[in-house]
Amino acid sequence: MSDCLFCKIVAGQIPATKVREDEHTVAFRDINAQAPTHVLVIPKRHVPAFGALTAEDGPLLAHMANAVNAVAEAEGVAGTGFRVVCNNGAHAGQTVDHMHWHVLGGRNLGWPPG
Ligand code: 5GP
Ligand code: ZN
């Protein structure tokens, strides 16, 4: 999508601190980090939201999960614990309409979320 912020990050048209990239996913640091580790994992393909996923996206989801675990390992939070968050839609606070999974760690995270 030409006007999508995260598609532009995938394409390198907008700078981001990328920490990992593979054939299907990109991971980069959130510009407004909420924890010592706050990385966004996104599909390279424009998927607007978690709610747009179907069973046909199974392979993509496997790559997303693999990317999350690789990021957690590289960030040193795989052992201490981390949280994966995907805000879907208005009430969840989704602000960028290109699906992204927040990977948060490096401190004790409160529960329940706000
Ligand atoms: P959401 O609120 O949609 O779940 O998460 C969007 C996230 O994207 C926010 O945490 C916000 O800080 C992050 N974000 C928004 N614009 C940019 C940007 O241009 N670069 C980076 N790295 N993160 C961004
Ligand atoms: Zn996009």
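Predicted model: local features only at pLDDT ≥ 70, side-chain atom pairs only at ≥ 80, totals over all residues.

**Exercise 1. Describe the lining of the largest pocket.**

*Solution.* 
Step 1. Begin with the residues: 30 of them line the largest pocket, and D30, N32, H38, L40 and H102 lie nearest its centre.
Step 2. Assign the lining to elements. Two or more residues each come from helix 1, strand 2, strand 3 (37–43), strand 4 (82–85) and strand 5 (101–105).
Step 3. Identify the main contributor: helix 1 supplies the largest share of this lining, three residues.
Step 4. Sort the lining by class, which gives 15 nonpolar, 11 polar and four charged residues.
Step 5. State the volume: the largest pocket holds about 620 Å³ of space.

**Exercise 2. Where does ligand 1 sit, and which elements give two or more residues to the shell around it?**

*Solution.* 
Step 1. Locate the ligand: the largest pocket is the site in which ligand 1 sits.
Step 2. Name the elements. Helix 1 (5–11) and strand 2 (25–29) are those that give two or more residues to the shell around ligand 1.
Step 3. Find the greatest contribution, which is that of helix 1, with three residues in the shell.
Step 4. Classify the shell residues: seven are nonpolar, seven are polar and two are charged.
Step 5. Ligand 1 has 16 residues around it, and D30, N87, T95, H100 and H102 come nearest.

**Exercise 3. Identify polar atoms of the protein that lie within 3.5 Å of an oxygen atom of ligand 1.**

*Solution.* 
Step 1. Examine the side chains. N87 has a polar side-chain atom 2.8 Å from an oxygen atom of ligand 1, and a polar side-chain atom of H102 also lies 2.8 Å from an oxygen atom of the ligand.
Step 2. Examine the backbone: a polar backbone atom of G93 is 3.0 Å from an oxygen atom of ligand 1.
Step 3. Consider the cover. On its own, ligand 1 has 520 Å² of accessible area, and the protein covers 82% of it.

**Exercise 4. Is the peptide bond from W111 to P112 cis or trans?**

*Solution.* 
Step 1. Read the angle. Omega is near 0° for the bond from W111 to P112, and this bond is cis.

Key. Residues numbered from 1 in each chain as written. Chains lettered and ligands numbered in written order. Heavy atoms only, no water. Near = heavy atom within 4 Å. Polar contact = N/O pair within 3.5 Å; in protein donor to acceptor, adjacent residues only side chain to side chain. Areas by Shrake-Rupley, 256 points an atom, 1.4 Å probe, with all protein chains shown as cover. 1 Å grid on protein atoms, 1.4 Å probe; cavity = no way out; pocket = protein on both sides within 12 Å on 5 of 7 lines; lining within 4 Å. Sits in = over half its atoms within 2 Å of the grid points. Helix = DSSP H or I, 4+ residues; strand = E, 2+ residues; numbered from the N terminus. Nonpolar A, V, L, I, M, F, W, Y, C, P; charged D, E, K, R; others polar. Points joined across faces, edges and corners; volume = space filled by probe spheres on them.
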